[in-house]
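Good morning, and thank you for making time on the agenda. I would ask everyone to look at the structure on the screen while I speak.

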Amino acid sequence: MATWIFLIVLAAVVVWGISAYNRLIELKGQTLNAWKQIDVQLKRRHDLIPNLVEAVKGAMEFERETLEAVIQARNQAVKIQADASPTGGLQQLAAAEAALGGALSRLAVVVERYPDLKATGNVADLQEELTSTENRVAFARQLYNDTATTYNVKQQQFPWNLVAGMAKAQQVELWEIVDESVRDVPKVDLSFDKDE
Amino acid sequence: MSPPGNLFDQQRANRRRSLALVAAFLLFFAWIGVGGDLAFYLGTLDVPPGSYRHRVPLGGIATTLLGVGFVVVAWRRGPRQVLWASGAWELVQPSSDAERRFVNVVEEMAIASGLPRPSMWIVPDQDPNAFATGMTTDRSHVAVTEGLLSTLDRDELQAVVAHEMAHIRNDDVRLMTLLAALVGALALVADGTSRMMRSSGRRGGSRSRGGGKGNPLAVVVLVVWLVSVLLAPIVSRLLSLAVSRKRELLADATAAQFTRNPAALAAALHTIETAAAPTKSIKRGTAHLCIADPLGRRLTHTQGFLADLLATHPPMGLRVARLKAMAYQLDETGELPEAS
């Protein structure tokens with residue numbers, strides 16, 4: 001009798017262990033997937049900037065500093081993105097992207113001062129693209145942070161933490177807003193996302 | 001974002017309701033046939049030997065098969081039919097600024113919700129409205145009217161698309177599309193039946209007089225059968241109204257979690273509501289799919305028993321007030337209340 005009870009309890013524990021393990025693996029997959037989405041959107045943002053700079057360069061010869069700041073921030077971000085992952089280098093990437101966001105906002109303020117430039121179709125298109133890209137980055141980050149938080153909390157909770165080692169679950173970094181001063185850049189229609 | 005538990009509960013509940021809906025639909029179709037068979041069987045119990053007695057429920061078999069056929073068609077063609085009925089065309093290559101913005105906004109919301117990008121449709125109608133349809137989250141459709149694209153600003157459009165993505169993520173669209181397709185099929189059958197009754201009643205009157213008194217039980221079954229066939233479309237319509245009202249509030253809350261901007265949805269709903277013209281492209285059968293009641297009925301202005309029973313959507317004032325409360329809380333605490 002006792003052996004039977006023991007066996008049944010053992011079977012229940014094993015079944016639970018398997019489902020808990022699978023759930024953690026699933027969460028890990030979702031987190032990595034959300035991360036990949038950020039990666040894709042950042043790349044989109046980085047690819048868009050040269051076009052934008054090219055489009056406004058001619059009309060804004062004497063705003064060279066602003067343009068150069070954007071290009072520099074962009075190149076820096078591209079470099080850092082290459083070896084960032086949820087378990088390392090995320091903070092640096094977040095900082096680089098925040099700097100890029102700041103530079104872009106300053107550029108947007110400058111563009112506002114050139115109504116002729118704004119009126120050309122190409123720039124208007126690019127502005128919509130830029131707005132959308134900023135939003136995509138923000139939403140990808142939102143999804144990543146939500147997923148990563150669930151993952152982080154779950155693997156620490158009892159009794160999930162018992163199988164966390166087996167599932168090779170690791171705490172992942174969240175994408176936090178790094179530079180408080182970036183928040184204070186004037187808000188313009190180009191980027192309504194105040195977190196950037 | 002709501003804890004996954006809530007979402008899974010909601011999806012499971014919706015799957016269960018979809019199944020229950022299909023089951024009820026099939027049972028009803030079986031009853032149309034079997035009820036008729038039963039009345040016929042009881043009516044022919046005491047006929048003299050040698051003349052026809054109804055033993056095999058042929059009618060039941062036929063109508064059940066018909067019901068199965070309707071379900072299969074609804075399942076496979078439902079979304080297409082809903083889109084087709086509204087006259088929508090699919091947006092593949094954006095050609096204007098407004099269309100490009102719409103495509104961008106849909107892609108942004110696909111990212112925020114973590115879902116695959118739905119296909120995009122535009123309804124040629126000047127009244128602002130929007131709906132979503134589809135049977136799976138992988139192959140779903142979001143449709144907006146031209147009026148919506150031209151009257152809303154970017155944030156508001158984003159909020160409306162977020163609301164539709166919320167329906168897709170919560171698995172609402174499958175239930176609502178099935179309902180639209182099956183309610184349509186029911187109305188068709190009930191119309192046909194009542195027409196048949198009228199013509200056969202005229203011819204049958206003399207025959208029953210000639211055949212003497214029938215079995216009283218057969219008469220009772222026949223009356224119950226008739227009443228249920230005639231009432232079915234009304235009951236199913238009320239059902240489809242009730243089903244959509246609850247979901248709208250939940251989708252509003254989920255949309256706020258996607259955009260973190262409940263104020264924009266409140267503004268969009270206000271704009272949609274104040275545009276007085278009814279959305280002509282949206283027919284009665286698909287009204288419950290839309291973000292706001294497309295028929296321009298004034299029921300959504302009021303609360304009360306009749307509005308509760310007949311409106312496809314919760315009162316607009318209630319929705320806007322709830323969204324504004326969320327916006328206030330977001331401003332004060334930086335956190336959104338949980339969707340429930």
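Which residues does B:Met109 touch, not counting residues up to four places away in sequence? The model is a predicted one, and in it B:Met109 touches B:Gln158, B:Val161, B:Ala162, B:Met165 and B:Phe258. The residue also belongs to the largest nonpolar core, which has 112 residues. B:Met109 is among the members that touch the most other members, together with B:Ala143, B:Val160, B:Val161, B:Leu182, B:Leu265 and B:Ala268. Helix α6 of chain B, residues 172-210, supplies the largest share of this core, with 12 residues.

Let me turn to the sheet. Chain B has an open sheet of 4 strands in the order β1-β2-β4-β3, and the pairing is mixed. At its edges are β1 (89-91) and β3 (130-134) of chain B, each of which pairs on one side only. From one strand to the next, the twist averages 30 degrees. Strand β4 of chain B, residues 140-145, pairs with β3(B) in the antiparallel sense over 5 bridges. Within β4(B), B:Ala143 stands opposite B:Phe131. B:Ala143 has already been named among the core residues that touch the most other members. Helix α5 of chain B, residues 154-169, lies across β3 and β4 of chain B and runs at about 25 degrees to β3(B).

One backbone feature of chain B deserves attention. B:Arg260 is not a glycine, yet its phi is positive, at about 55 degrees. For context, most residues other than glycine have a negative phi. B:Arg260 is found in the loop between α7 (216-259) and α8 (262-274) of chain B. Is B:Arg260 buried or exposed? B:Arg260 counts as buried, because it has 20 C-beta neighbours inside 10 Å, and 20 is the number from which a residue is taken as buried.

Chain A is next. Its secondary structure comes to 6 helices and 0 strands, so that reading along the sequence gives the pattern α-α-α-α-α-α. Of its 196 residues, 32% count as buried. Among the contacts in chain A with a separation of 6 or more, 80% are between residues 24 or more positions apart.

Why does A:Val163 count as buried? The reason is that A:Val163 has 20 C-beta neighbours inside 10 Å. Leaving aside neighbours within four places in sequence, A:Val163 is in contact with A:Gly17, A:Ala20, A:Tyr21 and A:Leu24.

Two backbone features of chain A can be taken together. A cis peptide bond, with omega about 0 degrees, joins A:Phe158 and A:Pro159. A:Pro159 lies in the loop between α5 (121-156) and α6 (161-164) of chain A. In the segment after α6 of chain A is A:Lys168, which has a positive phi of about 50 degrees although it is not a glycine. With 9 C-beta neighbours inside 10 Å, A:Lys168 counts as exposed, whereas B:Arg260 counts as buried.

How do the two chains meet? In the model, 12 residues of chain B are in contact with 12 residues of chain A. On the chain B side, helix α3, residues 97-113, gives the most, with 8 residues. By class, the side of chain B that touches chain A has 6 charged, 4 nonpolar and 2 polar residues.

Finally, a word on confidence. The mean pLDDT of chain A is 82, and 88% of its residues reach 70 or more. Within chain A, confidence is highest in helix α1 (residues 2-57), at 90, and lowest in helix α4 (residues 115-119), at a mean of 73. Over residues 180-188 of chain A the pLDDT stays under 50, and the model has 14 contacts beyond four places in sequence for this stretch. Residues 190-196 of chain A are also below 50, with 24 contacts beyond near neighbours in sequence. Where pLDDT is low, the predicted coordinates should not be read in detail.

Thank you for your attention.

Definitions and conventions. Residues are numbered from 1 along each chain as its sequence is written. Chains are lettered from A and ligands numbered from 1 in the order in which they are written. This is a predicted model: local features need pLDDT of at least 70, side-chain atom pairs count only at pLDDT 80 or more; totals for chains, interfaces and linings use all residues. Two residues are in contact if their C-beta atoms, placed from the backbone, lie within 7 Å. Helices (H or I, at least four residues) and strands (E, at least two) are DSSP runs, numbered from the N terminus. Ala, Val, Leu, Ile, Met, Phe, Trp, Tyr, Cys and Pro count as nonpolar, Asp, Glu, Lys and Arg as charged, and the others, Gly among them, as polar. A residue is buried if 20 or more other C-beta atoms lie within 10 Å of its own, exposed if 12 or fewer, and partly exposed in between; C-beta atoms are placed from the backbone. pLDDT is the predictor's confidence in each residue, from 0 to 100. A nonpolar core is a set of buried Ala, Val, Leu, Ile, Met, Phe, Trp, Tyr and Cys residues joined through C-beta atoms within 7 Å. Two strands pair if DSSP finds at least two bridges between them. Axes are lines fitted to C-alpha atoms, for helices over the stretch in contact, and angles run from 0 to 180 degrees between N-to-C directions.
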